[in-house]
Amino acid sequence: MTELASLFLLIIIFILMIIPGVFMIYGYFIDRNQKRHSVLKNYPLVGRVRYFFESIGPELRQYLFTEDNDGKPFSRKDYQNIVLPAKYKHRMVGFGSQRDFDQPGYYIKNTMFPKLEEELAIDQKESIMTYAYYIEKEYLFSRKEYRIKKEIEPFLLDDRHAVVIGENCPNPFVAKGLVGMSGMSYGALGDRAVTALSLGLGRAGGTWMNTGEGGVSDYHLKGNVDLIMQIGPGLFGARTEDGEMSWEELKRKADIEQIKAFELKLAQGAKTRGGHVEGEKVTEEIAAIRNITPYQTVDSPNRFKEFNDVYGMLDFVERIREVTGKPVGIKIVVGQQKDIDTLARVMAETGQSPDFFSVDGGEGGTGATYQELADSVGLPIKSAIPILHGALVDHGVRDRVKIIASGKLFTPDRIAIALALGADLVQVARAFMVTVGCIMAQVCHTNHCPVGVATTDVKLQQALDIEEKSYRVTNYVVSVREGLFNIAAAAGLESPTELKDEHVSYKDLYDVIYENHLMTNEK
């Protein structure tokens, strides 16, 4: 080695040693003299290690330290119960259940003589072409897998068991699958996520997509899936520039064939308030759809200004139905039981009613809310359904409406229990986010979703492959429908639409089994 080369190498080594030292000394004095962080003032530099581990704590817990059943709001097992059927079209488990059978919970009562598959009321006329992954080999740090084309059965309800919403409307909505997508707005989700969901649900058929309160976009329409257009207190998608109700715009939306029904959103489980979208997410396209100003944070009112009691609300529902000719529903969170009883009583008294109720449990999700609302306001779905169902039965108006339930109902058994407690249909939101790539980073409100799902950032959205993820959506919803028929067969029923409270029991901490513990009225 020449002297020049040796000198150059020494200079490089010196620089590599001195630069970190300079930065450490600089950081030491910066930390010692700042006033915001007590830890850094007393322990310069070393205190930064604390903040580093604090920032990566959620990831460490999720992947290393949290047990399979312990994570919140979804455990690792919950996540796998969504991902495995979505990616691999596979729901088999081995050895035994991970459920803690000593804890309180609901159980579905089987019959001694279950239904054979040929005895089930399934419409399997048109198969579905999809793609799923096959694992050839698992290695320690990698997996050898490839995608295969599959023809799968749709597991739709036959015509006798199809659920009809708005039977007396000029244009009733017929659902041949019991599971649809709950409201998630374009804006809360990016255009790629919305497109993948629309394509996947459209391919599955028999299901629907709730637009969320952000209005209808071209991305919702991509997959030719049935839509329920949600209208929140901000009236996005059906408002004037001044924020008033635009009946002309509503009529234009009703003329879109894919829109099968409208839903007034009074509240949702994680936030009994209006929606919130950070200004960074409000692109010019989203602002145009909502008729608002681009790049300004949007907070919807926490209730409609168009009405302030049940009578006014039902009048508003009637007006929307008259203008659109399509079924109209109301999305609620069950809280004070007297409110639900008043609603049912007024329905009986006036003869007016919505065509369906979307009831969301307090455990439901959201793109953005406050801790106190998410944790403690609104009843959980398994308490909410019987209260609503029971009040409607007591006042003789249950046959006028359908109940669509939502709130962590992402597996067939959870859905079956909701149906038995009084729901007619079920909506799912976060599980569908997982099918298009969500890793539960819980940064939906920041526009920094690392997998491009809950963001409108063009660069971050590049991670989401629309075609690939759309097949996962299809696989998931079809798998759930198949699971519901498995449960119906085990209970001795030809269709999951026949599930009633008599088909579930509740076990408490003291091993007491309650039969028909919540209701005596038949569904």
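The questions and answers below concern a predicted model.

Student: At what angle do helix H8 and helix H10 pack?
Tutor: Two packed helices are described by the angle between their axes and the distance between the axes. Here H8 covers residues 247-254 and H10 covers residues 310-324, and their axes lie 9 Å apart. The packing angle is about 55°.

Student: Are H8 and H10 oblique or roughly parallel to each other?
Tutor: Angles under 35 degrees count as roughly parallel, and 65 to 115 as roughly perpendicular. The angle of H8 and H10 is about 55°, and the two helices are therefore oblique.

Student: Is the crossing of H8 and H10 left-handed or right-handed, and which residues make the contact?
Tutor: The crossing of H8 and H10 is right-handed. From H8, the contact uses Trp247, Leu250, Lys251 and Ala254. From H10, the contact uses Phe316, Arg319, Ile320, Val323 and Thr324.

Student: How many residues in the contact of H8 with H10 are nonpolar?
Tutor: The contact of H8 with H10 includes 1 polar and 2 charged residues. The nonpolar residues in this contact number 6.

Student: How far from Cys438 is the nearest cysteine sulfur, and how many disulfides are counted?
Tutor: A disulfide needs a pair of cysteine sulfur atoms within 2.5 Å. For Cys438 the nearest cysteine sulfur is that of Cys444, 6.1 Å away, and Cys438 is in no disulfide. Cys444 is likewise in no disulfide, with the sulfur of Cys438 nearest to its own. The count of disulfides is 0.

Student: Where is Pro170, and how far is its C-alpha atom from that of Thr324?
Tutor: Pro170 sits in the loop between strand E6 (163-165) and strand E7 (173-175). With a relative accessible area of 64%, Pro170 is exposed. Pro170 and Thr324 are 154 residues apart along the chain, and their C-alpha atoms are separated by 9.3 Å.

Student: Which residues does Arg32 contact, leaving aside its neighbours within four places in sequence?
Tutor: Arg32 belongs to helix H1 (residues 3-33). Its relative accessible area is 32%, so Arg32 is partly exposed. Beyond those sequence neighbours, Arg32 contacts Leu40, Lys41, Asn42 and Pro44.

Student: What separates the C-alpha atoms of Arg32 and Phe356?
Tutor: Along the chain, Arg32 and Phe356 are 324 residues apart. The separation of their C-alpha atoms is 62 Å.

Definitions and conventions: Residues are numbered from 1 along each chain as its sequence is written. This is a predicted model: local features need pLDDT of at least 70, side-chain atom pairs count only at pLDDT 80 or more; totals for chains, interfaces and linings use all residues. Side-chain values use heavy atoms; hydrogens and water are left out. Axes are lines fitted to C-alpha atoms, for helices over the stretch in contact, and angles run from 0 to 180 degrees between N-to-C directions. Helices (H or I, at least four residues) and strands (E, at least two) are DSSP runs, numbered from the N terminus. Angles under 35 degrees count as roughly parallel, over 145 as roughly antiparallel, 65 to 115 as roughly perpendicular and the rest as oblique. A crossing is left-handed if the near helix is turned anticlockwise from the far one by less than a right angle, and right-handed if clockwise. Contact means heavy atoms within 4.5 Å. Ala, Val, Leu, Ile, Met, Phe, Trp, Tyr, Cys and Pro count as nonpolar, Asp, Glu, Lys and Arg as charged, and the others, Gly among them, as polar. Buried means under 20% relative accessible area, exposed over 50%, partly exposed in between (1.4 Å probe, protein chains only).
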